[in-house]
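The following note sets out numbered points on the structure shown below.

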2 protein chains.
Amino acid sequence: MEWLSEQQQAAWRPFVALLLRLPTALDAQLQKDAGITQFDYLVLSGLSEAPGRTLRMSELAATANSSLSRLSHVVSRLEARGWVRREQGPGDGRGINAVLTDAGLDKVRQTAPGHVEAVRELLVSTLSDEEFAQLGAIAKKVLAAQGIKVIIPNGPC
Amino acid sequence: MEWLSEQQQAAWRPFVALLLRLPTALDAQLQKDAGITQFDYLVLSGLSEAPGRTLRMSELAATANSSLSRLSHVVSRLEARGWVRREQGPGDGRGINAVLTDAGLDKVRQTAPGHVEAVRELLVSTLSDEEFAQLGAIAKKVLAAQGIKVIIPNGPC
DNA sequence: AGAACAAAGTTGATGCTTCAACTATATGTC
DNA sequence: GACATATAGTTGAAGCATCAACTTTGTTCT
């Protein structure tokens, strides 16, 4: 059983700090400006980028990196706010589609600029292009080691 | 107002995925093996490394990267479990010290190996030394841009 | 076709986090 | 010295995440 070396600690600690602080900061911005969480935003924007603004719950969970249970609760809340609607999916009788409503699309469009700006301010602008690319490559590698493939839709953020 | 470029998205998405998945995975390990959260662990181990196993609430909050409110709740729970005790601090009449009890120290010692192993497995082992160092440097830089200095005590993890 | 098992989703309970409001002590200012 | 303001910390309420249990539908094997 080995502890972390001093060099490893010197990398690990700041990373843990980032893991705690960045989501808090991003959530605070979204909560304040739009009354939603980052996870809500991920779900809404994930749907907004999907063909027909529609995704099966399990696929949406994959793009949002969440459990199905978490997603189900969140979709219920988003549904109650009129931004998402559930539909029985075709084919597989178990499949449920989450569909982004027009109001939901509006919400994403209103929310995106502020959120993108926060991401820029808090993260992107503080790093060189090369560093940011390194960060992405490292994240990808770590996830790949756990068999996770990141889904990259083509949207604002 | 600018969106993220395609290269930036290609870095941002995996990073978001990591931000969501890694804490979940670490929390799951600690919850399963020790019945505590990662944040609990951070508080306990932070105290275990402090002189006299004692830190003022506000200092502890800084080392654990948390709000005072969150810390206060957590310390109350840890106190109820017999791992931490509150003491009136000397000097400043407002200062409260959190002190790690013997039982608390035992808990950290029992918990640390499994947690360190999880960190190794999930993160450290998947990266080269250089990559891991890069990750640390990047995290440090991002935090520094927000005026946050990371406190690095000398403990297992 | 029937039994066993797996996959998709939901639900309710429990515990954690956040926010705003509050108390108490310290510090600065006139 | 009194007043205003800032800092340290706590608390309760509301919202969110997680886990286990459950239902329903699909798949596999014989």
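1. Chain A contains six helices and three strands, where helices (H or I, at least four residues) and strands (E, at least two) are DSSP runs numbered from the N terminus. Along the sequence of chain A these elements follow the order α-α-β-α-α-β-β-α-α. Taken along the principal axes, the C-alpha atoms of chain A fill a box of roughly 55 × 35 × 25 Å.

2. On conventions, this is a predicted model, in which local features need pLDDT of at least 70 and side-chain atom pairs count only at pLDDT 80 or more, while totals for chains, interfaces and linings use all residues. Residues are numbered from 1 along each chain as its sequence is written, chains are lettered from A and ligands numbered from 1 in the order in which they are written, and side-chain values use heavy atoms, with hydrogens and water left out.

3. Chain A has 157 residues, of which 51% count as buried; buried means under 20% relative accessible area, exposed over 50%, and partly exposed in between (1.4 Å probe, protein chains only). Among the contacts in chain A with a separation of 6 or more, 55% come from residues 24 or more positions apart, a contact being heavy atoms within 4.5 Å.

4. How many residues of chain B are in contact with chain A? There are 62 residues of chain B in contact with 62 residues of chain A. The two chains bury about 6100 Å² between them, 72% of it on carbon and sulfur atoms; buried area is the accessible area (1.4 Å probe) that two parts lose on being put together, summed over both. On the chain B side, B:Trp12, B:Arg13 and B:Arg21 lose the most area to chain A, together 11% of what that side buries.

5. Eight residue pairs between chain B and chain A are in polar contact, with both residues at pLDDT 80 or more. A polar contact is a pair of N or O atoms within 3.5 Å; within protein, one must be able to donate a hydrogen and the other to accept it, and residues adjacent in sequence count only if both atoms are side-chain atoms. Helix 1 (6-34), helix 2 (38-48), helix 5 (102-122) and helix 6 (129-145) of chain B each supply at least two residues of the side that touches chain A. Helix 1 of chain B gives the most to that side, with 17 residues. By class, the side of chain B that touches chain A divides into 42 nonpolar, 10 polar and 10 charged residues. Here Ala, Val, Leu, Ile, Met, Phe, Trp, Tyr, Cys and Pro count as nonpolar, Asp, Glu, Lys and Arg as charged, and the others, Gly among them, as polar.

6. The whole structure holds 16 salt bridges over all chains, and the interface of chain B and chain A has four. A salt bridge is a side-chain nitrogen of Lys or Arg within 4 Å of a carboxyl oxygen of Asp or Glu. The side chains of B:Glu49 and A:Arg13 meet in a salt bridge, at 3.4 Å from N to O. This pair joins two chains, because B:Glu49 lies in the loop between helix 2 and strand 1 (54-56) of chain B and A:Arg13 in helix 1 (residues 6-34) of chain A. Both B:Glu49 and A:Arg13 are buried.

7. A salt bridge is also formed by B:Glu131 and A:Lys141, whose closest N and O atoms are 2.7 Å apart. B:Glu131 lies in helix 6 of chain B and A:Lys141 in helix 6 (residues 129-145) of chain A, so this pair joins two chains. A:Lys141 is partly exposed, with a relative accessible area of 36%.

8. Within chain B, the side chains of B:Lys32 and B:Asp33 meet in a salt bridge (3.3 Å, N to O). B:Lys32 counts as exposed, at 70% relative accessibility. A:Arg56, A:Asp92 and A:Arg94 are joined into one network by salt bridges that share partners.

9. Which residues are the closest to DNA strand D? Of the 20 residues that surround DNA strand D, the closest are A:Arg70, A:Gly93, B:Ser58, B:Arg86 and B:Arg94; a residue is near a strand if one of its heavy atoms lies within 4 Å of it. The surface near DNA strand D has four nonpolar, nine polar and seven charged residues. Helix 4 (68-80) of chain A, with helix 3 (57-63) and helix 4 (68-80) of chain B, each supply at least two residues of this surface. Helix 4 of chain A gives the most, with five residues.

10. Of the atoms of DNA strand D within 4 Å of the protein, 66% belong to sugar or phosphate and the rest to bases. A polar side-chain atom of B:Arg86 lies 2.5 Å from a phosphate oxygen of DNA strand D.
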